[in-house]
Amino acid sequence: MRTRRPYSLPWSQVTPEKTYLSRRRLLAAAGAMLGGGLLPGLGVASSRFAGAPASRFSTDEPLTPLKHVTSYNNFYEFGTGKDDPARNAHTLKTTPWAVEIGGEVTRPATVGLEELIQPAHLEERIYRLRCVEGWSMVIPWVGFPLADLLKRFQPTSRANYVAFETLYDPEQMPGQKRPVLDWPYREGLRLDEAMHPLTLLTVGLYGNELPNQNGAPLRLVVPWKYGFKSIKSIVRIRLTEQRPTTSWEMANAREYGFYSNVNPEVDHPRWSQARERRLGEESLFQKKRPTLMFNGYGEQVAHLYQGMDLRKYY
Amino acid sequence: MASRLPISTRGWICASTTKVVGTGWRWDKPLLLMVALMPLGILIWSLFAGQLGANPLETLTHETGEWALRLLLATLAVTPLARLFLWTGLYRYRRMLGLLAFSYGVLHLLCYLWFDQGWLLVEIGRDLLKRPFILLGMSAFVLLLPLAATSTDRIRRWLGARRWRRLHRLIYPAALLAAVHFLLLVKADRFEPLIYLGILLLLLAARGLPTGCLSRRSSPRTS
């Protein structure tokens, strides 16, 4: 394990404040230059969530530059190329936005985004993101624990799982016109995974609203699982008794399991998961770094899987 | 046709095999070479300018691999085009196209061995055994090796035309392996690799059509 304590210094305390602030400004400027009119929310409203306090769950590793975070995305709703989402996601309309919360809850409801987000509860979480394709980033997200939201709607005793759905609207999401995956994109978590304090409902990154290509206006971030579990542009959250089936599972169950925990010992048929390329900082000639069990969050989450054969439940 | 010289149509048609023409300096091959190396030039320039995006490893690997496959298809297009349209001047470019395909293949393999695996032989071996698409890609490369090695006129003469031709039929399985390698490695969107595979199958099938059948001339005018 890399970190001995489950809490590490927040980003703002690691870097001297002056450097930190000027870096922020630089990044905002870079964002504005990069985004221009293309990326709504970025660079326009500067640091909307700048006040969000740092979290004890944040890592102090160097951040992946904003330009990489916003230009290299797997978001097949806007095309299967890595640069497609940054180019195409401007067609997504994120206001107004409503999320339907139903299933095994005592108070099902459809709630507007403003009502869903309680600004006072937002915090900045700097997480590692490990993609199943063998690359990783370090991203300062802004969000709040999914558990806070689920508690508000009071899951019943029959709720065992949480199922999520992305918006389905081929007009706004042109990638959905092709049957690359069985739309809408579906994901799911076991209830205890969903209630875990690391599981973050995310509304921003780098102190600003989420750019569309990163899953605006509301996405999930589950840092100990492969990136595709962190579903984007959520419109539906259902608590269920039965385990939901996920989009990638439907596409290829042998390769994409329901759990999909980051695990260097369980290989994916396409990619060895033993190592990863940290994007943005490393030279091509540098060897890939070893991947950590549960993406380095084992101390916090390993107990969720005690007694489970992780080769079987991949 | 750029290569036509004021000798005779016959000389032009037979140029590649009989060497009737080709004494003077011709700019067509250098031009082809330059055009075919442009993608590589752009990649290298982008690499040093930091323009390869967030994941240079992935960009370099994908681009070199796709260009290898494209040039392999171009090589395989020479024979059917030349035969069906009686456009024999094309044969002149076949060797260069093949060698270019091989060169991009070398770069593609190097990207994998060096940047992706960091020369960790144990992991490369494990990859080969576990992942069919790696095995297929590597096999395609191994099949192309003897073709590149026997590409000079002197070796061709030494081998004898018949044996040389038989050996060079290895390009068919190599191209099939390369196309299936691409098909197997994509996650969900099989559109692009299927196009490559489709073109390859067309090019292979076209070899079964009678000579000159798409030409306006009824029969080859080589005699």
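A word on the model first. This is a predicted model, in which local features need pLDDT of at least 70 and side-chain atom pairs count only at pLDDT 80 or more, while totals for chains, interfaces and linings use all residues. Residues are numbered from 1 along each chain as its sequence is written, chains are lettered from A in the order in which they are written, and side-chain values use heavy atoms, leaving out hydrogens and water.

**Where the chains meet**

Let's stay with the interface. On the chain B side, 25 residues are in contact (heavy atoms within 4.5 Å) with 28 residues of chain A. Together the two chains bury about 2200 Å², with 52% of it on carbon and sulfur atoms; buried area is the accessible area (1.4 Å probe) that two parts lose on being put together, summed over both. In chain B, the residues that lose the most area to chain A are A54(B), R131(B) and K187(B), together 32% of what that side buries.

A salt bridge here is a side-chain nitrogen of Lys or Arg within 4 Å of a carboxyl oxygen of Asp or Glu. Two examples:

| Salt bridge | N to O distance |
|---|---|
| R178(A) with D189(B) | 2.5 Å |
| E165(A) with R236(A) | 2.8 Å |

The pair E165(A) and R236(A) links strands β5 and β10 of chain A, 71 residues apart.

**The sheet of chain A**

Those strands belong to an open sheet of five, ordered β2-β1-β10-β5-β6 in chain A, with mixed pairing. Strands are DSSP runs of E of at least two residues, and helices are runs of H or I of at least four, numbered from the N terminus; two strands pair if DSSP finds at least two bridges between them. β2 (109-112) and β6 (186-190) of chain A stand at the edges with a single partner strand each, so one side of each is left without a neighbour in the sheet. Strand β1 (residues 98-103) of chain A pairs with β2(A) in the antiparallel sense over four bridges, and A98(A) has G112(A) in β2(A) as its bridge partner.
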